[in-house]
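Here are a few notes to read alongside the model as you get to know it. Please keep the structure open and look up each spot as we reach it.

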Amino acid sequence: MNPALCRLLGPTAVDHCASAYLTRSVGDEGAPPPDLVVSRGNVLEVHRVIVERAGEAEGEGRAGAAGAVDGVLGARLECVLQQELSGAPHALRVLRRREGSDRNGRDAIVLSFAEAKVAVAEYDPHSDLLRVSSLHQFEGKDTTWMRAGAQLSARDATLGPSLAADPKGRCAAAIVHRTSLVLLRAAGDQFGLSTRERRRLGTGRCAAIATSSMVALQSLGVTRLRHAAFLHGYAAPVLLMLHETRTTWAGRYSLVHDTCALSAVSVDLVSGRHVPIWQVESLPSDAYAISAVRAPFGGALVLTPNTLIYASQTATVALALNRASHWAPRG
């Protein structure tokens with residue numbers, strides 16, 4: 001803490017939250033629920049979910065299952081960890097335990113900071129604190145080319161990278177300056193890693209990042225990226241990106257509109273060859289985010305102020321949210 005700074009009241013507004021098996025694992029006795037990870041300014045908190053079941057209440061001499069729902073009487077949050085960070089994170093994602101690995105393994109969290117820093121942290125049960133497992137920095141003289149074609153505003157230039165994490169725990173992605181895609185390969189299969197990297201990773205039970213690689217978004221046909229997310233239901237990691245094909249603004253909607261598009265790219269972590277597999281064009285210009293839909297449906301929801309759009313490799317449908325909605329799928 002800076003001696004010249006005296007904080008009278010800690011941050012109260014929640015900036016980011018996620019559920020993760022951070023302090024416990026899915027294989028623990030009783031199959032506990034995941035923890036709640038909350039970011040408040042530069043303070044990171046981990047809350048454990050304590051579930052009160054009807055059978056446990058009867059054993060303690062309290063009221064039985066009269067008010068229970070599916071055998072659960074209630075739940076409460078217990079703060080098990082509160083730690084100050086060196087800065088306020090711009091994004092928070094969960095790096096899941098790799099699918100098919102040891103059920104006693106735990107998740108890790110991925111944090112991004114301004115200007116282009118990414119940190120991967122895991123829970124250390126010995127010190128009861130978060131421990132940084134890897135740091136990734138994309139700043140300095142060698143990375144000035146990344147900002148050359150970014151066309152960022154003064155505010156956006158001070159923000160950190162956007163993050164996305166594969167639901168099967170195979171990798172994570174960071175979008176730096178909206179021009180570069182950084183792929184963070186998760187440790188699991190150590191194919192292609194040097195002896196030094198294998199010694200560094202060891203045989204830990206927490207999810208971790210093994211290597212990172214950088215791809216220019218322009219090589220994938222993506223410009224002016226707005227949001228990205230990994231999709232469910234694919235054998236290989238598939239990153240869906242929402243981006244602009246042309247620039248416009250509200251005063252020119254009568255002339256130029258529906259300038260956004262979706263591009264799904266299959267990520268090959270071994271060969272480094274990333275192949276576009278499907279695309280949806282002419283989406284509303286005010287689309288601002290996407291949310292992946294779980295299997296068996298797959299695909300993603302495109303969020304706009306006036307229209308809710310579902311897009312997948314086989315179909316695109318839309319739901320008007322108000323009378324200002326004008327968009328409809330073409331074809």
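This is a predicted model: local features need pLDDT of at least 70, side-chain atom pairs count only at pLDDT 80 or more; totals for chains, interfaces and linings use all residues.

1. The volume of the largest cavity comes to about 30 Å³. Its lining is made up of S162, L163, A164, I175, H227 and A228.

2. Which strands supply at least two residues each to that lining? They are β9, covering 162–165, and β13, covering 225–230. The biggest share comes from β9, which gives three residues to the lining of the largest cavity. Sorted by class, the lining residues are four nonpolar and two polar, with no charged residues.

3. Four strands form an open sheet in the order β9-β10-β11-β12, and their pairing is antiparallel. At the edges stand β9 and β12 (209–216); each has a single partner strand, so one side of each has no neighbour in the sheet. From one strand to the next, the twist averages 20 degrees.

4. Now look inside that sheet. Strands of a sheet pair through backbone hydrogen bonds, in a parallel or an antiparallel way. Here, β10 (residues 171–176) and β11 (residues 180–186) are paired in the antiparallel sense, over six bridges. To find your place in the pairing, look for A174, which stands opposite V182 in β11.

5. Next come the charged pairs. How many salt bridges does the structure hold? There are seven salt bridges. One of them links D107 with R96, with the closest N and O atoms 3.5 Å apart. Both residues sit in the loop between β5 (91–95) and β6 (108–113), so this pair ties together parts that are eleven residues apart in sequence.

6. Are the two partners of that bridge buried or exposed? D107 has 4% relative accessibility and therefore counts as buried, the cut-off being under 20%. R96, at 28% relative accessibility, counts as partly exposed.

7. A second salt bridge joins the side chains of R131 and E122, at 2.2 Å from N to O. R131 is partly exposed, with a relative accessible area of 40%, while E122 has 8% relative accessibility and counts as buried. This bridge is part of a network: salt bridges with shared partners join E122, D124 and R131.

8. A further salt bridge brings together the side chains of D166 and R170, with 2.8 Å from N to O. Both D166 and R170 are buried.

9. Finally, please visit F297. Where is F297 placed? You will find F297 in the loop between β17 (289–292) and β18 (300–303). F297 counts as exposed because its relative accessibility is 67%, and the cut-off for exposed is over 50%. Along the chain, F297 and S312 are 15 residues apart, and 8.6 Å separates their C-alpha atoms.

Notes. Residues are numbered from 1 along each chain as its sequence is written. Side-chain values use heavy atoms; hydrogens and water are left out. A salt bridge is a side-chain nitrogen of Lys or Arg within 4 Å of a carboxyl oxygen of Asp or Glu. Buried means under 20% relative accessible area, exposed over 50%, partly exposed in between (1.4 Å probe, protein chains only). On a 1 Å grid over the protein atoms alone, a cavity is a set of points where a 1.4 Å probe fits but cannot get out, and a pocket is an open set with protein on both sides within 12 Å along at least five of seven lines; lining residues have an atom within 4 Å of a point. Grid points are joined across faces, edges and corners, and a volume is the space filled by probe spheres set on the points. Ala, Val, Leu, Ile, Met, Phe, Trp, Tyr, Cys and Pro count as nonpolar, Asp, Glu, Lys and Arg as charged, and the others, Gly among them, as polar. Two strands pair if DSSP finds at least two bridges between them. Axes are lines fitted to C-alpha atoms, for helices over the stretch in contact, and angles run from 0 to 180 degrees between N-to-C directions.
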